[in-house]
Structures are given as C-alpha cells and as structure tokens.
Amino acid sequence: MPLLYLYGLSSGDFVPALEQFLGSVAGLSPATVTRLTQQWQADQAAFMDRDLSEVDYVYLWADGIHLNVRLEEAEACVLVLVGVRVDGSKELVALKDGYRESGESWADLLRDCARRGMRAPVLAVGDGALGFGKALAEVFPDPREQRCWVHKTANVLDSMPKAAQPGAKKAIQDIYNAEDRDHAEAAIKTFAQLYGAKFPKAVKKITDDQEELLAFFGFPAEHWIHLRTTNPIESTLATVRLRTKVTRGAGSRTAALTMVFKLLESAQQRWRAVNAPHLVALVRAGARFERGRLVERPSAVAGVRTLAAQAISTRPLGLLPLHVAHAGEMAAVLSCSVPGSP
C-alpha cells in the first residue's frame, strides 16, 4: 500500500481499486494513508537532522524540481543534493523546500549541511544559472565547480534559431565528449569560429564558463560520464514529476517535500556506484589526474596511497558496506605502482 500511494494512487482511490482483489477495504482508508504520510514527514525530519560528520562525500550533484501545489498559488521548489561516498556509492545527502532555486536557498541548504558536520566535496556539479555556484563558493570555498552540460546545451541552443541548432548541438557534443581537455579547448575554439559571427551571445555562454564546464577533465576518465551533467539526479526526479502528474500535484508544500524524500529514498536503493569506484578515495586523497589518468611523482605515490587507505578505513560502522565487488580493485590501487614510479 505505501508503494501504491507513493507511485501515484491517490488515497481516495484505494477502496475501489483494491477491494476486488483483496475482498476487504480494511486498512486502506484515507485516514490510514494520512497516518502513513505523517510517519513519512517524521522520517524526513529525522533525515535532515542526522549527523554528517562521519560521512565523506567526494562528489556532489545539485538540482531542483518544481512541483505544483493544489492548495497554494505558488509552486513548491525542492532543492536536492546527491553525493558520492569514498567507496563510490551514491547517496541522497539533503533536500529542502527552497525559493525558486535562488542562491540564498542553496546557501541555506549547504550551511545546514556544514552545521551538521559535512566535509566539503572535491567537486560539485550543478547549473550555475540557478545560484548554486555562488552558494557553493560562499559556504565551501575549496571545491571545484562543474557546470552541467545538459543545462548548458539547452541554454545555448535556446539562444539560436532552430535551423542552426542541430549543427550547433553536434559541435557542443564535440566539446564535452573530447578525449581530453586540450581537445575540448580546441573544440570550443572551433565552435566560436563557426558560430561567433552570427550568434555571439550563444558562444559567450560557453566561453565565459569554460573553466567550470571543463573541470571534470581533471578527474579520472572513468568518472567523466558521471561528472559532466546532473543526470544522476535528473533521471530520478523524472519519476517524481510523473507521480505528481498523476495526482495533479501535492496538497501542500510539506506534502511535496515529503513525497520527494520518500521517492528518492526508494530510488537510491537501485542507484549504481560510479564507474571505477576504487578511484574515488584517491580523488579525496588529493591524487592528481591528467588526461583522465593518475599521475604522481615517485616521491608522492606512497603518501597518496596512505591517505586513500585512511579515507576507506575511517568509514563509520553501521553505514552501507563497501562494494564487495571492488574490494580487490581497491587493494590493487593501494599496492600497485603508478606509471613512472619505481
């Protein structure tokens, strides 16, 4: 019953929908569903008050979802953070009811995470136009920021006539699908040469944010596909939009926030770890990557291995276990030699 409600069956529909199958309507009343949602609200409140000091999120994705609220004029805007732990697993970090994804709303959410002990991520992925980048710099100055290429592509194409969009889209794909940063920068120059004369505003949208758009090239090549967009959140939020479309929106902002929390909580059980999860600990340890590959001077290799081992060993008990399938790979990373080392 909880899953049926969560995925779109309104409380008033339980009796006619299920009576013919169960032969009874006991326990399926709207009052039962109301008690259920009250418990979910308590679960969400406890989730947002949990201690984050013993959790280490190396990568962070940020995105928001706008939902209709039947009993209010304004839409609900739920801000969502999803992180990657040192073992490569993805996990819901935090969410809150914001105000139009403003910079201050994002800053308030990040400050709350910091208050509860969250460590700054190494890289945070979001859409800079939504105020997240400014908020990140205010609360956590150290992390690098990666702008989402899906959002950026849509923004660039919207500023161009439809006839020019197919070719421009392919030229943009050449940038973020490049084999390394050097080729990506060359692709940006090509894009500017092809479209700069007729569509300078479109080109400026990319050249002005070049550093943030190409940040993912400084990390393991296996992680690039995860880091250049906010798709890890977007794909899950599509389920949330579908649910609200069926029920024509939540009844209140509180109900909207609770519903998003429970849908994300359910979805994260099916989230896959990032590719090459054993490399995440090295990213946290400060290892340097060029052209997507680990490069370290011989004198620095031992230190990086030690820090990576510490990052794994300090993982608190009682949390999700390390991916067993990659335990051997982690051991290999910590013991193997890096190209150019003894």
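**Strand pairing, core and a helical threonine**

Tutor: In this predicted model, Gly-64 lies opposite Leu-79, a residue of strand 2. Let us continue from that pairing.

Student: How many bridges join strand 1 to strand 2, and in which direction do they run?

Tutor: Strand 1 covers residues 57–67, and strand 2 covers residues 76–85. The two strands run antiparallel, and the number of bridges joining them is ten.

Student: Which residue of strand 4 stands opposite Leu-60?

Tutor: Strand 4 spans residues 123–126 and runs parallel to strand 1, with three bridges between them. The residue of strand 4 opposite Leu-60 is Ala-124.

Student: Why is strand 1 described as largely enclosed by the rest of the structure?

Tutor: A residue counts as buried when its relative accessible area is under 20%. Strand 1 is largely enclosed because, of its eleven residues, the number that are buried is ten.

Student: Which residues have the most contacts inside the largest nonpolar core?

Tutor: This core has 87 residues. Those with the most contacts inside it are Val-80, Leu-81, Leu-95 and Phe-191. Setting aside neighbours within four places in sequence, the contacts of Val-80 include Trp-61, Leu-95, Trp-106 and Val-260.

Student: Is Thr-258 buried or exposed, and what is its relative accessible area?

Tutor: Thr-258 belongs to helix 13, residues 253–267. Beyond four places in sequence, Thr-258 touches Thr-37, Trp-40 and Gln-41. Thr-258 is buried, because its relative accessible area is 4%.

Student: Which backbone oxygen does the side chain of Thr-258 reach?

Tutor: The distance is 2.9 Å.

How values were computed. Residues are numbered from 1 along each chain as its sequence is written. This is a predicted model: local features need pLDDT of at least 70, side-chain atom pairs count only at pLDDT 80 or more; totals for chains, interfaces and linings use all residues. Side-chain values use heavy atoms; hydrogens and water are left out. A nonpolar core is a set of buried Ala, Val, Leu, Ile, Met, Phe, Trp, Tyr and Cys residues joined through side-chain atoms within 4.5 Å. Buried means under 20% relative accessible area, exposed over 50%, partly exposed in between (1.4 Å probe, protein chains only). Contact means heavy atoms within 4.5 Å. Helices (H or I, at least four residues) and strands (E, at least two) are DSSP runs, numbered from the N terminus. A polar contact is a pair of N or O atoms within 3.5 Å; within protein, one must be able to donate a hydrogen and the other to accept it, and residues adjacent in sequence count only if both atoms are side-chain atoms. Two strands pair if DSSP finds at least two bridges between them.
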